[in-house]
Every structure is written in structure tokens, then in C-alpha cells.
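Dear colleague,

I am passing on a structure, and my notes on it follow below.

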Amino acid sequence: YDLSQIKLKQAAVFGIDASEEMVKLAQQKNPEGTIKVGFFEEIPFQDHLFDVVISKWAFQTSANIDPIYHEIAQVMKKNGQLIYLSCHPIRQFIEKKRKGKDYFKKEIVESVFFDGLVTAKEPSHTLNEYLSPVFFEYFTLESYEEGYDSGAEKVDGDIYPSYFIIKARLKNNR
């Protein structure tokens, strides 16, 4: 769906996904696009190719965020823009669902979506990992937004941020 929306903006469509099945489906729906199996830690496209890199719900699946910033900076053109949506660290902290939990301890967190229809197991992160010195080495933060996704689990019925969106610009000295 997301690639179809980008296509409406007259943009060339490229994509990566870790799942061969999802790549096949995306390629069928976007035959003019170039979609490959891959990971953000090793983006399977040439350097300095993209004006914009968009990610939705992918960063939090990686154990280490910093290599992602390095790879994205490599494939972006000068003054490129990065926009990504990721799981909010507060949501991951709350979803540890036990007493004595540690926000700073990296561990696998089980997140439940759509009233139990989907479960994801992902490494926990802190906001410091997303806005690390490596991020600021490569990018200038243009905006930060956080919000609540009604499809996300509500632990104890509480409302808390479930996602954040970062918009950043590649620094010109890169």
C-alpha cells in the first residue's frame, strides 16, 4: 500500500523487505518498482541513489540502530531526506509487563496488535538509541512526532505513545 501511495507522487518506487513473500507481493502490486530482499543494515542498492528514504515499522526490528543510519547515509543523495516511523520505546517498556522492569536493559519484547491477532517479538530500544550521536553525525533532525496507534495493545487499559515519526535531512558535509 505504501509504495502505491509513493507512486502517486510520481516518484520512482524502490523497496526492501526481509521477507521474500512480502517482496513478491510488493513487486506484483508495483511491477514498475525495484523491490529486493534486504535489511537496513546492508541496503542492496548503490550509493547516492535516493533523494528520500522512508521506513515504516522496520527500525525497531534491528538489534542495533546505528548501522542503519550509516547505510541510509550511504545510499542517499546530497541533502537527502529520511522519514521513519518506529515503535516508541515507552511502549516497549510498558509491554515488558512485569514488576521491576528496566527501561535501559536490552531484551526481546512481545508486542500484541489488533486484539491479539498479531504478535511481534522485537528487541527493546531507548530513545537515546534512536537519537544517538551517530544519528546526529549524519543527519539534522527536522521534526519529531509521537502518537498512539489504536491497533496497538493497551496494557492495563492505559494510553501511552505507541509510535514516533522522525523527519531528518542528510548533512551536506557527508
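Glu146 stands opposite Phe164 in β8. Strand β8 (residues 163-170) and β7 are antiparallel and are joined by eight bridges; strands count as paired if DSSP finds at least two bridges between them. Strands (E, at least two residues) and helices (H or I, at least four) are DSSP runs, numbered from the N terminus.

This is a predicted model, in which local features need pLDDT of at least 70 and side-chain atom pairs count only at pLDDT 80 or more, while totals for chains, interfaces and linings use all residues. Residues are numbered from 1 along each chain as its sequence is written, and side-chain values use heavy atoms, with hydrogens and water left out.

The open sheet has four strands, ordered β3-β4-β8-β7, with mixed pairing. Its edge strands, each pairing on one side only, are β3 (50-56) and β7 (139-147). On average, neighbouring strands in this sheet are turned by 10° against each other, direction ignored. Axes are lines fitted to C-alpha atoms, for helices over the stretch in contact, and angles run from 0 to 180 degrees between N-to-C directions. Helix α3 (residues 66-75) packs on the sheet and touches β3, β4 (76-87), β7 and β8, where contact means heavy atoms within 4.5 Å. The direction of α3 makes about 145° with that of β4.

Elsewhere, strands β1 (residues 14-17) and β2 (residues 34-37) run parallel, joined by four bridges. Gly15 has Ile35 in β2 as its bridge partner.

Phe114 is in the loop between β5 (108-113) and β6 (118-123).

Regards
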